[in-house]
Amino acid sequence: MKKVLVLLLLIYGVVAFAQTPRFTKYNVASTSVQIYLPTEPKWDQSTSEDGSEIFIYDDLFGNMNYSAIIVKLHPTVVNDKPENLLESYMIYLEKAVFTLDQKAGFGKGHTLENQPNVKGILQMGKSKDGKEYKIIGWTDGKYIAVLATSSLEEMNYNIQEMFLRGIRFPQ
């Protein structure tokens, strides 16, 4: 009986441990942007029509999907109002990529610790297929980063925050 109980506790511990991501800091491809991710990234890289470099990460870990879209803006992109550009990009993404059906509306004025020049915009919503999304966009004027978590099940707040706020821009 003791052996069965020990075996069950061991299995439960392994399953519980396996579902909790261990975040590690990674560089976003060849940029100086760093991000905390639950898995080693394989960046899909492309170039936009205006010459900006785009890096995309998307991975499912446990019941939560983690997505990151990092844009290194081309120097010729006119960016005198970085927050407005970020908002326009997030409006495009919520329709074209995340397909949000229900939205809470943008929450502006977010900042990163130790990087007060970085501005953030939060969006929460639900897609037609029932996925709950929490999306936050960040910009320092040279980069745009949109980080999103999504799941059909309830998401762990602390894990979400580690991912959504776990980005650092070049100083």
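These legends walk through a few close-up views of a predicted model.

Residues are numbered from 1 along each chain as its sequence is written, and side-chain values use heavy atoms, with hydrogens and water left out. Because the model is predicted, local features need pLDDT of at least 70 and side-chain atom pairs count only at pLDDT 80 or more, while totals for chains, interfaces and linings use all residues.

**View 1. Phe23, Tyr66 and Phe163 are linked into a cluster by ring pairs.** Six aromatic pairs turn up in a search of the whole structure; rings of Phe, Tyr and Trp (its six-membered ring) pair if their centres lie within 6.5 Å, and planes under 30 degrees apart count as stacked, over 60 as edge-to-face and the rest as tilted. Phe23 and Tyr66 have ring centres 6.1 Å apart and planes at 80 degrees, so this pair is edge-to-face. Phe23 sits in the loop between α1 (2–18) and β1 (24–27), and Tyr66 is 43 residues away in strand β5 (residues 64–72). Helices (H or I, at least four residues) and strands (E, at least two) are DSSP runs, numbered from the N terminus. Tyr66 also makes an edge-to-face pair with Phe163, at 5.1 Å centre to centre and 75 degrees between the planes. Phe163 belongs to helix α3 (residues 157–164), so this pair ties together parts 97 residues apart in sequence. Phe23 and Tyr66 are buried (under 20% relative accessible area, with exposed over 50% and partly exposed in between; 1.4 Å probe, protein chains only). Phe163 is buried too.

**View 2. Here is Gln115, in strand β8 (residues 115–127).** Gln115 is buried, with a relative accessible area of 1%. A polar atom of the Gln115 side chain lies 2.7 Å from the backbone oxygen of Phe169. Setting aside neighbours within four places in sequence, Gln115 is in contact with Ile167, Arg168, Phe169, Pro170 and Gln171 (contact means heavy atoms within 4.5 Å).

**View 3. β1 and β2 make a hairpin with six residues between them.** β1 and strand β2 (residues 34–37) pair in the antiparallel sense over four bridges; two strands pair if DSSP finds at least two bridges between them. Tyr26 has Ile35 of β2 as its bridge partner. In the turn, Ala29 has a positive phi of about 45 degrees.

Notes
A polar contact is a pair of N or O atoms within 3.5 Å; within protein, one must be able to donate a hydrogen and the other to accept it, and residues adjacent in sequence count only if both atoms are side-chain atoms.
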